[in-house]
Amino acid sequence: SFHSDRCYAVICVFNFKRTMRYAMFFWQGRLSAKSSYFVWHYDLMPALMEKMTETGYRCSPNVARIFQNREPEEFLELFDTGIVILAPPDGGDIAPPPPPMPSGDKMGSAHLEEQQPGLSAGKSDAISPKTESAMRFWRRMFHIRGASETLSRTHEVPCECSSLNSTDAFVVQETTSKFFIWYGALCSKIERTRAARAAVHIYSNLTEREDEEEEEEEIDLDRVFITVHEGKEPDRFWEAVGGKGNYTKFEASDTDQIANERLQNPILFEITLNRHYLMPRPILDYTSEDLHDSGVYMLDLHMWLFVWIGRRASERLVDGSMELAKAVVADRKGSKVVAVQAGKEPPEFTHAFLGWHEVRPFCDPYAKRAEKLAELGVVGRVLDVVPEDVQILREKRCKKEKKYRMNLTTGASTHYM
């Protein structure tokens, strides 16, 4: 598991032609500090290489820098359960956990009565450690997506109904010992297998359980993990996600298999202008970081063709992309073109991006610096006065340079002092 606000060093040891070798991967999270790579490259990596050399690894290692959501297949194959990307401890893009519920008020006693029937408000001192840990627990939701067994990822998303969609699988952790594995109507077999493995991994390695007796005994998987299919959700599942609401819902087509496959695996195209011609370029394993504020992109869902327009995109590129999208949809029945402005993306668009986050607008560093100087009142004001002797030296040097240039043009032989 990886946190999106941290960096990790992964060392892989392997045998090649009867010699022991190793590879070093530096994984950098999306919210981590950019200076972390320099600390790794100039400080930690040489120390690790020296340590490995002392251990007996004489060959120089293969070193690679990997960004979040850009992991190559060779890196993902190192993890049997796939990688799980967690939100920062402070919440980050996910809402922070609710404050602890007081035990003396009416709502606290009602919550305890629901957790342990027969427990009255006057017996608050008799709370078991298991119930107390369940009250402090923060419900979590994990989004699983993958086109193959190796190229699959698990992201922690906000635990709410709007995070669900019909094309993927989700794992909802209600308590420390209760998980819901939710399968969408268009969820693939690979995603179902990965969701089950991810649920077991989260329960075994990422969940703090205070009941040691329960760990020693054999775990009843049927009681811990509950499989839920779309359209057959129990009431307890909707309570775990904060109540039943609207989410991105799709229905499988019985006749058009191509439309179902495209809904499961959308394609993102970047539209550029090259010598007055539109050049669509497909982006493999795309993320929301591929969307630039000055570009235009097309997301193909077969039934919808979204044209994402950046805030600084040129009108010529936008008009040409819209005409291209209409020409593509003309050969499809029931498809339509939808223009999407940056910052106003609908759920049908954002569901196609794993770990979606809003695209930040472009900020000119020089304009930002000028605004700060204007706020401080520095712009247009003389910061320092040049002394008179320095000004005299500058004037003499300028006169000598002018005289030397004039002599070069006239051909006179004079020495430049």
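Student: Which handedness does the β-α-β unit of E14, helix H10 and E15 have?
Tutor: In this predicted model, strand E14 covers residues 304–309 and strand E15 covers residues 336–341. Helix H10, residues 315–329, belongs to the unit together with these two strands. The β-α-β unit they make is right-handed.

Student: In which sense do strand E14 and strand E15 pair, and over how many bridges?
Tutor: The two strands of the β-α-β unit are E14 and E15. Their pairing is parallel, and the number of bridges is six.

Student: Which residue in E15 is the bridge partner of Ile309?
Tutor: Strand E14 spans residues 304–309, and its partner strand E15 spans 336–341. The bridge partner of Ile309 in E15 is Gln341.

Student: Where does His302 lie, and is His302 buried or exposed?
Tutor: His302 sits in the loop between strand E13 (296–300) and E14. Its phi is near 70°, a positive value in a residue other than glycine. Most residues other than glycine have a negative phi. Because its relative accessibility is 14% and the cut-off is under 20%, His302 counts as buried.

Student: What is the phi of Asn69, and in which loop is Asn69 found?
Tutor: The loop that holds Asn69 runs between strand E4 (62–67) and helix H2 (73–76). Asn69 has a relative accessible area of 5%, so this residue is buried. Asn69 is not glycine, yet its phi is positive, near 65°.

Student: Why does Thr175 count as buried?
Tutor: Thr175 belongs to strand E8, which covers residues 169–175. A residue is buried when its relative accessible area is under 20%. Thr175 therefore counts as buried, since its relative accessibility is 18%.

Student: Which backbone atom lies 3.2 Å from a polar atom of the side chain of Thr175?
Tutor: Thr175 is in strand E8, residues 169–175. The atom 3.2 Å from the polar side-chain atom of Thr175 is the backbone nitrogen of Lys178.

Student: What share of contacts between residues at least 6 apart in sequence joins residues at least 24 apart?
Tutor: The chain has 13 helices and 15 strands. Among its contacts between residues at least 6 apart, the share that joins residues at least 24 apart is 63%.

Student: What percentage of the accessible surface of the chain belongs to carbon and sulfur atoms?
Tutor: Of the 417 residues in the chain, 36% are buried. The accessible surface of the chain comes to about 26400 Å². The part that belongs to carbon and sulfur atoms is 52%.

Terms used
Residues are numbered from 1 along each chain as its sequence is written. This is a predicted model: local features need pLDDT of at least 70, side-chain atom pairs count only at pLDDT 80 or more; totals for chains, interfaces and linings use all residues. Side-chain values use heavy atoms; hydrogens and water are left out. Helices (H or I, at least four residues) and strands (E, at least two) are DSSP runs, numbered from the N terminus. Buried means under 20% relative accessible area, exposed over 50%, partly exposed in between (1.4 Å probe, protein chains only). A polar contact is a pair of N or O atoms within 3.5 Å; within protein, one must be able to donate a hydrogen and the other to accept it, and residues adjacent in sequence count only if both atoms are side-chain atoms. Two strands pair if DSSP finds at least two bridges between them. A crossover is right-handed if, with the strands pointing away from the viewer, the path from the first strand over the helix to the second runs clockwise. Contact means heavy atoms within 4.5 Å. Accessible areas come from the Shrake-Rupley method with a 1.4 Å probe; for residues, only the protein chains shown count as cover.
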